[in-house]
Amino acid sequence: MTDAQVAQLLDVSTKTLASWRSTGRYGLAFLRIGARIRYRKSDVLAWLESRRHGAPETAQGVA
């Protein structure tokens with residue numbers, strides 16, 4: 001995924017993503033391919049899941 005795609009998914013700016021990368025603040029995995037930055041969709045989804053708070057799905061009646 002591109003910077004813009006991930007920024008849109010997370011509802012943040014691309015500048016925010018750049019800040020997170022440079023500081024390592026949130027540990028969102030990314031790939032540097034030359035001068036380009038890319039994200040694996042599976043990494044982004046796993047990162048989102050790791051930040052989840054609240055009751056587990058099974059406790060909410062979802063099996």
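What follows is a chat about a predicted model of a protein chain.

Colleague: Before we start, what should I know about the model and the numbering?

Modeller: It's a predicted model, so local features need pLDDT of at least 70 and side-chain atom pairs count only at pLDDT 80 or more, while totals for chains, interfaces and linings use all residues. Residues are numbered from 1 along each chain as its sequence is written, and side-chain values use heavy atoms, with hydrogens and water left out.

Colleague: Okay. How many helices and strands are in the protein chain?

Modeller: Three helices and two strands. From the N terminus on, the order is α-α-β-β-α. Helices (H or I, at least four residues) and strands (E, at least two) are DSSP runs, numbered from the N terminus.

Colleague: And what share of the residues counts as buried?

Modeller: 19% of the 63 residues. Buried means under 20% relative accessible area, exposed over 50%, and partly exposed in between, with a 1.4 Å probe and protein chains only.

Colleague: What about the accessible surface of the chain?

Modeller: About 4800 Å², and 51% of that belongs to carbon and sulfur atoms. The areas come from the Shrake-Rupley method with a 1.4 Å probe; for residues, only the protein chains shown count as cover.

Colleague: Let's go to helix 1. Which of its residues are buried?

Modeller: Helix 1 covers residues 3–10, and Asp3, Val6, Ala7 and Leu10 are the buried ones. Looking down the axis of helix 1, these buried residues fall within an arc of 100°, so they line one face of the helix. The arc is taken from the directions from the helix axis to the C-beta atoms.

Colleague: Why would that spacing put residues on one side of an α-helix?

Modeller: An α-helix has 3.6 residues a turn, so residues three or four places apart point the same way.

Colleague: What does the buried side of helix 1 pack against?

Modeller: Helix 2 (14–23), strand 2 (36–38) and helix 3 (41–50). Contact here means heavy atoms within 4.5 Å.

Colleague: Which residues make up the largest nonpolar core?

Modeller: Ten in all: Val6, Ala7, Leu10, Leu17, Trp20, Leu28, Ile37, Tyr39, Val44 and Trp47. Helix 1, helix 2 and helix 3 are the elements that give two or more residues to this core, and helix 1 gives the most, with three. A nonpolar core is a set of buried Ala, Val, Leu, Ile, Met, Phe, Trp, Tyr and Cys residues joined through side-chain atoms within 4.5 Å.

Colleague: Tell me about Trp20. Is it buried or exposed?

Modeller: Tryptophan 20 is buried, with a relative accessible area of 16%, and is found in helix 2. Leaving aside neighbours within four places in sequence, tryptophan 20 is in contact with Leu10, Val12, Arg25, Tyr26 and Trp47.

Colleague: How many salt bridges does the structure hold?

Modeller: Two. In the one between arginine 52 and glutamate 49, the N to O distance is 3.6 Å. Arginine 52 is partly exposed at 35% relative accessibility, and glutamate 49 is partly exposed at 47%.

Colleague: Changing topic: what follows helix 1?

Modeller: Aspartate 11, whose phi is positive, near 60°. Aspartate 11 sits in the loop between helix 1 and helix 2, and counts as exposed at 70% relative accessibility.

Colleague: Last one: which residues form the nonpolar patch on the surface?

Modeller: Leu9, Leu45 and Leu48, with about 250 Å² of accessible area together. Leucine 45 lies in helix 3 and counts as partly exposed at 45% relative accessibility. Patches are made of residues with over 30% relative accessible area and no salt bridge; like charges are joined within 9 Å, and nonpolar side chains (Val, Leu, Ile, Met, Phe, Trp, Tyr) within 5 Å.

Note on methods. Salt bridge = Lys/Arg side-chain N within 4 Å of Asp/Glu carboxyl O.
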